[in-house]
Amino acid sequence: MDADVIVVGAGLAGLTATCELVAAGRRVLLVDQENQANLGGQAFWSFGGLFLVDSPEQRRMGVRDSLELAWQDWQGTAGFDREDEDSWARRWARAYVEFAAGEKRAWLRERGVKMFPVVGWAERGGYDALGHGNSVPRFHITWGTGPGVVEPFVRRVQDAAASGLVTFAFRHQVDELLTGASGVEGVRGTVLAPSATARGEASNRDAVGEFEYRAESVIVTSGGIGANHDLVRANWPERLGTPPAHMLTGVPAYVDGRMLAISEAAGARLVNRDRMWHYVEGITNYAPIWPGHGIRILPGPSSLWLDATGSRLPVPLFPGFDTLGTLAHLRTTGHDHSWFVLTQKIIEKEFALSGSEQNPDLTSKDLRQVLAARLGGGAPAPVEAFKRQGADFVVADNLADLVQGMNRLTDEPLLSFEAIQRQVVARDREIDNAFTKDLQIAALRSARAYRGDRLIRVARPHRLLDPKAGPLIAVKLHVLTRKTLGGLQTDLESRVLGVDGAPIPGLYAAGEVAGFGGGGMHGYRALEGTFLGGCLFSGRAAGRAAAEAVRS
């Protein structure tokens, strides 16, 4: 045996599983197709959002939450409706919500992970009480963003490597799971040529050798399919319309989905492959790190959202309310883009950009910088940089020039100034009263009743054509690939199930490749802040179960 357990994938789920294994004294071989610079995987690039229930941060912000309310929201969002494929996913979902309402925060704090005090309100829903969305703010931002989540686990794994319990095998691409009479017994694959690329940059796939490693168990933690647009389109569901011809990529190029088919070839059951999570607020990165690199706008609720032809999106498809509902609607328009129309006052208060590199104040844990960026005058510097340099931004002093600039960003002029003017003026008339029939205006007024939104997230309601709020801004939005919601079906010990429903001896899976647990614990939709947490929770379960199964 080359190790007690082989872990395939050095992202957050793989690191978490490895930490649990070495805590139990097990020898681990950590295999990854990228170089050491990418230790921590795509979690490093994240905003660091974590879903917590009834936390001290919520209570300090005046938010009343409970396990019962969170579970109600989760079920209404997930929409589980497949008796067989969702059988384990439901159990994983319940276990995860209990974890988020229980030991999750204390477990993270023991490892040095702390939270920003203002809790965000993502995926607000806008339907009835049993429908999609978070009833209360639950989006906890990690102090240090994605790197702040990853660092404690990287440190523990590196310490274990120094003591001889962990061996790294970077630039090792797994091509096959080895199976025998006892089940999965190891991995075989290709040694790739050395690569000096920086974190996130695409690396070569030049073969320089082969390898074969054996262990008592293998844990697959290789991530999803977000950078493989062909696979995204192949799995695209009819309920979301036709797949876009043009998409931006929200994850590094190595998120290629290879291990899904490799695991399936070894007998694993892959379920809910048509469930996925892509954003519709993607903007082209003017300084890309990986091919097709897009950044997601994390919008507040005030921007006017128009489709490619200039029609306003229907209720409740407001910014930040229903990601996949908006995606499904926009796919009916026949175009791959949409528009935000807003003001300088709105962009200063409401625009945040997803990603650790786009939030240097939070990522560097610099409180003084945070106060200046979030509470000072003007938009955060990264947002202003995109406004100045981004290919998708139009800035103008009047609406006619704005619409003209918007039309210049498309192959043909699709927008009518008169039609947009009519909508903007009608919307502005509603602002002049304390009463309104415009449900977006009612929603943003309601949002400002929450202290966190009023403090750093939602602009004071104002007329878009108010010169004091200008200039006017339009942002061309694209579909941005991100997460796989289905995956390898696992039981609550993260054991991968075969086509007969029985666990495959020696094979475990965690993180996105397992649908974050059970082959899709989110169901059809996510409540946000649940992807990193799903990697942590399922990685922990896999590591503990595989450690227990090692023969002494």
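This is a predicted model: local features need pLDDT of at least 70, side-chain atom pairs count only at pLDDT 80 or more; totals for chains, interfaces and linings use all residues.
Visitor: Let's start with the backbone. What should I expect of phi and of peptide bonds in general?

Guide: As a rule, most residues other than glycine have a negative phi, and most peptide bonds are trans. Here, though, Asn272 has a positive phi of about 55° without being a glycine. Asn272 sits in the loop between strand S10 (270-271) and strand S11 (276-284).

Visitor: Is Asn272 buried or exposed?

Guide: The cut-off for buried is under 20% relative accessible area. Asn272 comes in at 2%, so it counts as buried. Ser494 is another non-glycine with a positive phi, of about 65°. You'll find Ser494 in the loop between strand S18 (487-488) and strand S19 (495-497). Ser494 is buried as well, because its relative accessible area is 0%.

Visitor: And where are the cis peptide bonds?

Guide: One joins Val315 and Pro316, with omega about 0°. Pro316 belongs to the loop between S13 and helix H9 (323-330). Another cis bond joins Gly470 and Pro471, with omega about 5°. Pro471 is in the loop between helix H17 (451-456) and strand S17 (472-484).

Visitor: What does Thr343 touch, leaving aside its neighbours within four places in sequence?

Guide: With those neighbours set aside, Thr343 is in contact with His462, Leu464, Ala469, Pro471, Leu472 and Ile473. So Pro471, from the Gly470-Pro471 cis bond, is on the contact list of Thr343, and that list is read with a cut-off of 4.5 Å between heavy atoms. Thr343 itself lies in strand S14 (residues 337-343) and is buried at 0% relative accessible area. Its side chain also makes a polar contact with the side chain of His462, at 2.8 Å.

Visitor: How far apart are Pro299 and Gly320, in sequence and in space?

Guide: They are 21 residues apart in sequence and 6.0 Å apart in space, C-alpha to C-alpha. Pro299 is in the loop between strand S12 (294-298) and strand S13 (304-307), and its 9% relative accessibility makes it buried. Not counting residues up to four places away in sequence, Pro299 touches Glu281, Pro319, Gly320, Phe340, Glu350 and Arg457.

Visitor: Now the nonpolar cores. Which residues touch the most other members of the largest one?

Guide: Those are Trp74 and Val475, in a core of 140 residues. Helix H18 (residues 531-549) supplies the largest share of this core, ten residues. There's also a second, separate core of 16 residues, with Phe47, Val118, Ala352 and Tyr450 among its members. Back to Val475: setting aside neighbours within four places in sequence, its contacts include Ile283, Ile297, Trp339, Phe340 and Phe393. Phe340 is also touched by Pro299.

Visitor: You mentioned H18. What angle does it make with helix H4?

Guide: Helix H4 (residues 87-101) packs against H18 at about 105°, their axes 11 Å apart. Angles from 65 to 115 degrees count as roughly perpendicular, and H4 and H18 therefore fall in that class.

Visitor: Which residues meet there?

Guide: From H4 you have Trp92, Ala95, Tyr96 and Phe99, and they meet Gly533, Gly534, Phe537, Ser538, Arg540 and Ala541 in H18. By class, that makes six nonpolar, three polar and one charged residues.

Methods: Residues are numbered from 1 along each chain as its sequence is written. Side-chain values use heavy atoms; hydrogens and water are left out. Helices (H or I, at least four residues) and strands (E, at least two) are DSSP runs, numbered from the N terminus. Buried means under 20% relative accessible area, exposed over 50%, partly exposed in between (1.4 Å probe, protein chains only). A polar contact is a pair of N or O atoms within 3.5 Å; within protein, one must be able to donate a hydrogen and the other to accept it, and residues adjacent in sequence count only if both atoms are side-chain atoms. A nonpolar core is a set of buried Ala, Val, Leu, Ile, Met, Phe, Trp, Tyr and Cys residues joined through side-chain atoms within 4.5 Å. Axes are lines fitted to C-alpha atoms, for helices over the stretch in contact, and angles run from 0 to 180 degrees between N-to-C directions. Angles under 35 degrees count as roughly parallel, over 145 as roughly antiparallel, 65 to 115 as roughly perpendicular and the rest as oblique. Ala, Val, Leu, Ile, Met, Phe, Trp, Tyr, Cys and Pro count as nonpolar, Asp, Glu, Lys and Arg as charged, and the others, Gly among them, as polar.
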